[in-house]
Amino acid sequence: MGDERTIHRGIPLELQLKFTQFAMDNASIEICWIGHDARIYYANNFACSLLGYSRHEMLKLSIPDIDPNYPIERWNEHWQSLKHHNTQTFESLHRRKDGVLIPVEVTANYVCSDGYEFSVGFAKDITERKQAEGSLHEKEEFFRMISENVDDFIAVLDLEGRRLYNNPSYAGLFGGIEALKGTDSFSEIHPDDRERIRQLFRKTVLTGVGHRAEFRFVLPNGSVRYMESSGALIRSSHGDPLRVIVISRDITERKQTEILIRDLAFHDPLTKLPNRRLLRDRLEQMMAMSARSGLHNALMFIDLDNFKPLNDGHGHDAGDMLLIGVAARLRSCVREMDTVARFGGDEFMVLLNDLDEDKDESAGKAAAIAEKIRTVLAEPYQLPVFREGKVEGTIEHRCTASIGVALFIDHDSNAEEIIRRADGAMYQAKEAGRNQVKFHRSTQ
């Protein structure tokens, strides 16, 4: 069997002990043997160097001297717990000779041999890790401070678009944020915008490039808000996609202002009909569409016959109410695809598109609609009469119209020429006695 003092494939025990001593002395981790009385019975070179003591000085110390978290009372509790569990790992602080505290992670092992009891402690300096944790905590606190004190909506989403975090601003939209975690962030986006935003989100995840987008957001009460969002990809320390942070803002007021400005630019503020500028744009579009479809279109120029006497006799308020009434009657006479516009003053235009390939058939359809308009506009109007901003009574007013019609197809003329043709036909109706429909002479 050999000498009982040799084990591990014949290595003499004395050599093993020397090797163990050498390994402990030169290990790059703090190693100390502590007795049940908290005295230090062994400290390796690394421990002495880290704490700033000589080996001789270290052996005169006890645990309370180098660890302020473990006064003798707590050490005694720790010793009893260690004897029961054999091994414990915990974080603490070691005090250097110069008073500087070093954060350490300690693994303590209970050892009992030949009647001697020790706690063999391995302590690792975790200063860098603690600094990193502190830096991360500072960043988290900084993010929290910003996210909880701005009006913008800040959301952190997983790679599928599920909500992981929403800042308090979302409470104004949903009445609370507790129930949002884990829900689909796309579900409240307007159905017409949802797939477009989902595709932009996927591009951000795949490419790491954020995108700015506008979309409509449907609130729980059914109302719609306009939102502007931008996203950014958060990667792990290995560069893998981890999260997406999305910052949004409510731009409803801005969009409403833009719509109002656009309406003012392209619509008559009194009748809400398209104005001259929008009519011209639609006329040019219709000419381009006619080139592809081969169908004729028609432009009607409508002028009210006795508008001025109403203004002179009852004021502009009564005249405005008549114009509003005329606009409503014109809209009722045409298809949704057609355009009714106020050209200016008491002049209106009606744009009829996609009539027929045959010119005569188109003229017949346009004539029928024009006659319907003439008849409807000739019916009496009940108009309120105002005095000092208040309705004083009503009057019955009859107002006929002279209508000029010009057919066109493709680009046989430009927009200005087509308007001149319809205008000329309208003057022919005026000269013929008013309350009539006349076509531009080349189409009669």
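Helices (H or I, at least four residues) and strands (E, at least two) are taken here as DSSP runs, numbered from the N terminus. The model is a predicted one, so to speak of local features takes a pLDDT of at least 70, side-chain atom pairs count only at pLDDT 80 or more, and totals for chains, interfaces and linings use all residues. Residue numbers start from 1 along each chain as its sequence is written, and side-chain values rest on heavy atoms, with hydrogens and water left out.

Start with the sheet. Five strands line up as an open sheet in the order β9-β8-β12-β11-β10, with antiparallel pairing; two strands pair if DSSP finds at least two bridges between them. β9 (163-166) and β10 sit at the edges, each pairing on one side only. From one strand to the next the twist averages 30°. β8 and β12 run antiparallel and are joined by 5 bridges; F153, for one, has S248 of β12 as its bridge partner. Helix α8 packs on this sheet and touches β8, β10, β11 and β12, its direction making about 140° with that of β10. Helix α9 (residues 252-266) packs there too, touching β10, β11 and β12, at about 130° to the direction of β11. Contact means heavy atoms within 4.5 Å, and angles run from 0 to 180 degrees between N-to-C directions, with axes fitted as lines to C-alpha atoms (for helices, over the stretch in contact).

A search of the whole structure turns up 2 cavities of 30 Å³ or more. On a 1 Å grid over the protein atoms alone, a cavity is a set of points where a 1.4 Å probe fits but cannot get out, and lining residues have an atom within 4 Å of a point. Grid points are joined across faces, edges and corners, and volume is the space filled by probe spheres set on the points.

The largest cavity has a volume of about 350 Å³. Its lining takes in 22 residues, with L157, I197, F215, S229 and V246 nearest the centre.

Conventions
On a 1 Å grid over the protein atoms alone, a cavity is a set of points where a 1.4 Å probe fits but cannot get out, and a pocket is an open set with protein on both sides within 12 Å along at least five of seven lines; lining residues have an atom within 4 Å of a point.
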